[in-house]
Amino acid sequence: MTGSVKRPVTSYDVARLAGVSQSAVSRAFTEGGKISPATREKVRQAAAELGYRPSFIARSLITRRSNLVGVVVPGLVNPFFSAVLDALSRELNAIGYRVLLFSMGQDDDTDPLLEEILRHRVEALVLVSSSLSSHFAQECQEAGLPVLLLNRRNDSDSVSSVTSDNIAASEAIADFLIAGGHTRMAFIAGRESSSTSRDRETGFTSRLRERGFTTQSAGGSWSVDAAMAATRELMSCSAPPDAIFCANDMIAIGALNVVAGEMKLQPGKDISVVGFDDIAMASWPQFNLTTWIQPLPDMISQAMSVLTMQLENSATLPVQHKLKGKLIIRGSTRTPDAGARLRHQD
């Protein structure tokens with residue numbers, strides 16, 4: 001090798017050049033730090049000479065404040081997560097916090113992230129559509145770390161959460177499809193461990209049974225490719241569905257790729273497809289997807305309210321918020337006859 005990687009300049013290097021302790025270097029870059037003007041100037045001159053940039057995390061060791069909120073997302077392939085992250089970041093920035101992003105796979109467990117999250121000294125943690133084990137929750141509570149689930153809930157209700165009312169929404173979708181004259185309805189699920197997918201399937205299938213209908217189901221695993229495979233499986237049955245409700249819009253787009261792109265069926269006439277989230281692509285003409293819009297501004301507002309209370313007092317009791325959304329009717333579904341009454345549309 002003809003070259004080498006240059007070692008980053010550390011506070012130790014600055015301290016040695018300035019002839020001071022490392023703690024003096026930290027105090028020199030900490031607002032309100034107890035240090036004489038002469039020493040502060042000496043440290044800053046040494047830092048400028050070496051090209052040193054103070055570590056935000058190192059400063060937090062002195063102030064015991066990082067002003068960081070950790071946000072865990074299952075990747076950013078689904079545009080809904082990008083929209084959540086953007087809105088949450090803006091609101092946190094407005095009150096002086098910055099987001100430290102942790103990305104994980106759809107099928108990953110959050111527990112292996114715990115050590116890394118705690119190492120970064122975040123002041124709160126938001127898990128967007130991510131699972132939370134009882135072990136993780138207990139470790140966070142013992143560390144005094146406030147935790148909020150966004151677009152996901154914990155079965156034990158031991159952690160605060162903000163979600164849509166997924167069961168009521170899915171009941172309304174079942175009513176809508178029945179009103180459109182459908183008799184063979186199917187559900188394509190997300191990940192089996194996902195509370196949002198389970199609740200949406202529960203609401204949909206329970207309402208169909210209540211009204212005298214049965215349903216088929218298949219797993220879409222929150223991905224377009226898996227959703228396409230699930231759709232092919234459903235449509236190959238001897239009595240294929242005439243309507244498909246999908247656990248989110250990305251799954252619905254996968255279903256449309258098969259029924260319209262491969263099978264040349266006409267959505268809204270030959271078959272109906274419904275999604276959930278109302279991502280930007282749902283309104284594109286090539287998809288024109290009927291979907292349930294999640295009240296994202298209200299979800300973020302409630303999340304900020306919970307986080308603010310938890311940041312002020314880590315002993316705040318967990319709360320669970322369920323918010324209403326609305327069915328957005330587009331061309332991927334049949335329009336019910338005039339006068340058909342749709343529930344949960346207030």
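The model is a predicted one, in which local features need pLDDT of at least 70 and side-chain atom pairs count only at pLDDT 80 or more, while totals for chains, interfaces and linings use all residues. Residues are numbered from 1 along each chain as its sequence is written, and side-chain values use heavy atoms, with hydrogens and water left out.

The chain has 12 helices and 12 strands; helices (H or I, at least four residues) and strands (E, at least two) are DSSP runs, numbered from the N terminus. Of the 346 residues in the chain, 47% are buried, where buried means under 20% relative accessible area, exposed means over 50%, and partly exposed lies in between (1.4 Å probe, protein chains only). Among contacts between residues at least 6 apart in sequence, 70% join residues at least 24 apart, a contact being heavy atoms within 4.5 Å.

We can begin with the sheet that holds β1. Six strands form this open sheet in the order β2-β1-β3-β4-β5-β11, and the pairing is parallel; two strands pair if DSSP finds at least two bridges between them. The edge strands are β2 (98-103) and β11 (320-323), each of which pairs on one side only. From one strand to the next the twist averages 15°. Here and below, axes are lines fitted to C-alpha atoms, for helices over the stretch in contact, and angles run from 0 to 180 degrees between N-to-C directions. Within the sheet, strand β1 (residues 68-73) runs parallel to β3 and is joined to β3 by 4 bridges, with V72 standing opposite L127 in β3. Helix α5 (residues 79-94) packs on the sheet and touches β1, β2, β3 and β4 (147-150), its direction making about 155° with that of β2.

L127 and L149 are 22 residues apart along the chain, yet their C-alpha atoms are separated by 4.9 Å.

The other sheet to describe holds β7. It is an open sheet of 6 strands in the order β7-β6-β8-β9-β10-β12, and the pairing is mixed. Strands β7 (215-219) and β12 (326-328) stand at the edges with a single partner strand each, so one side of each is left without a neighbour in the sheet. Neighbouring strands of this sheet are turned by 20° against each other on average, direction ignored.

The pairings can be followed strand by strand. Strand β8 (residues 243-246) and strand β9 (residues 272-277) run parallel and are joined by 3 bridges; here I244 stands opposite V273 in β9. Next, β9 pairs with strand β10 (residues 290-293) in the parallel sense over 4 bridges, and V274 stands opposite T290 in β10. The pairing of β10 with β12 is antiparallel, over 3 bridges, and places I293 opposite K326 in β12. As for helices, α9 (residues 195-210) lies across β6 (185-189), β7, β8 and β9, running at about 170° to β6. Helix α10 (residues 224-235) also packs on the sheet, where it touches β6, β7 and β8, and its direction makes about 145° with that of β7.

The largest pocket has a volume of about 230 Å³. On a 1 Å grid over the protein atoms alone, a pocket is an open set of points where a 1.4 Å probe fits, with protein on both sides within 12 Å along at least five of seven lines, and lining residues have an atom within 4 Å of a point. Grid points are joined across faces, edges and corners, and a volume is the space filled by probe spheres set on the points. The lining consists of 16 residues, of which Q141, L145, V147, Q310 and S314 lie nearest the centre of the pocket. Helix α7 (residues 134-142) supplies the largest share of the lining, 3 residues. By class, the lining has 9 nonpolar, 7 polar and no charged residues, with Ala, Val, Leu, Ile, Met, Phe, Trp, Tyr, Cys and Pro counted as nonpolar, Asp, Glu, Lys and Arg as charged, and the others, Gly among them, as polar.

Two loop residues complete the picture. Most residues other than glycine have a negative phi. S221, although not a glycine, has a positive phi of about 50°; S221 is found in the loop between β7 and α10 and, at 39% relative accessibility, counts as partly exposed. N288, again not a glycine, has a positive phi of about 45°. The loop between β9 and β10 holds N288, which is partly exposed with a relative accessible area of 31%.
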